[in-house]
Amino acid sequence: MALEITDATFDEVVLKSDKPVLVDFWAAWCGPCRMVGPIIEELSQEYDGKAVVGKVDVDVHMQFAAKYGVRNIPTVLVFKDGEIVNRQVGVSPKKVYADALEAAM
């Protein structure tokens, strides 16, 4: 299951990770986010141990969404060594997210 990332845990889980990190910025009311959700869950299982896959609920945890300019959701960011290496806004096919993770490895 994708890791729930909060404002309090973002720094430790994402920015200090020694593995690539995929972060899905989403909200419960967002229809397109519900389309991306199952893809993120699949990726979290497929990349278990190789990458960190997590979700940030922007209605509850706004600090890092604001910091990284997340204005539309879903927005999926891939981090490597604490830096953004890929950004996808809107719904994309699973392969797009998987390729972004692979490129960060």
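In this predicted model, the side chains of Asp24 and Lys55 meet in a salt bridge, with an N to O distance of 3.2 Å. The pair links distant parts of the chain. Asp24 lies in strand E2 and Lys55 in strand E3, 31 residues apart. Both partners are buried: Asp24 is, and Lys55 is too. Side chains of opposite charge can pair when their charged atoms come close.

The structure holds six salt bridges. Another of them joins the side chains of Lys94 and Glu46, at 2.4 Å from N to O. This pair also links distant parts of the chain. Lys94 belongs to helix H4 and Glu46 to helix H2, and 48 residues separate them. Lys94 counts as partly exposed, at 25% relative accessibility. Buried would require a value under 20%. Glu46 is likewise partly exposed, with a relative accessible area of 42%.

A further salt bridge brings together the side chains of Lys16 and Asp11, at 3.5 Å from N to O. Lys16 is exposed, because its relative accessible area of 54% lies over the 50% cut-off. Asp11 has a relative accessible area of 34% and is therefore partly exposed. Salt bridges that share partners join Asp11, Glu12 and Lys16 into one network.

Helix H4, the element that carries Lys94, spans residues 94-104. Its buried residues are Tyr97, Ala98, Ala100, Leu101 and Ala104. Seen down the axis of H4, these residues fall within an arc of 160°, so they line one face of the helix. On the other side of H4, Lys95 and Ala103 are exposed.

The buried residues of H4 pack against several elements. One of these is helix H2 (31-46), the helix that holds Glu46. The others are strands: E2 (21-26), E3 (52-57), E4 (75-80) and E5 (83-89).

Definitions and conventions:
Residues numbered from 1 in each chain as written. Predicted model: local features only at pLDDT ≥ 70, side-chain atom pairs only at ≥ 80, totals over all residues. Heavy atoms only, no water. Buried < 20%, exposed > 50% of the residue type's maximum accessible area, 1.4 Å probe, protein only. Helix = DSSP H or I, 4+ residues; strand = E, 2+ residues; numbered from the N terminus. Arc of directions from axis to C-beta. Contact = heavy atoms within 4.5 Å. Salt bridge = Lys/Arg side-chain N within 4 Å of Asp/Glu carboxyl O.
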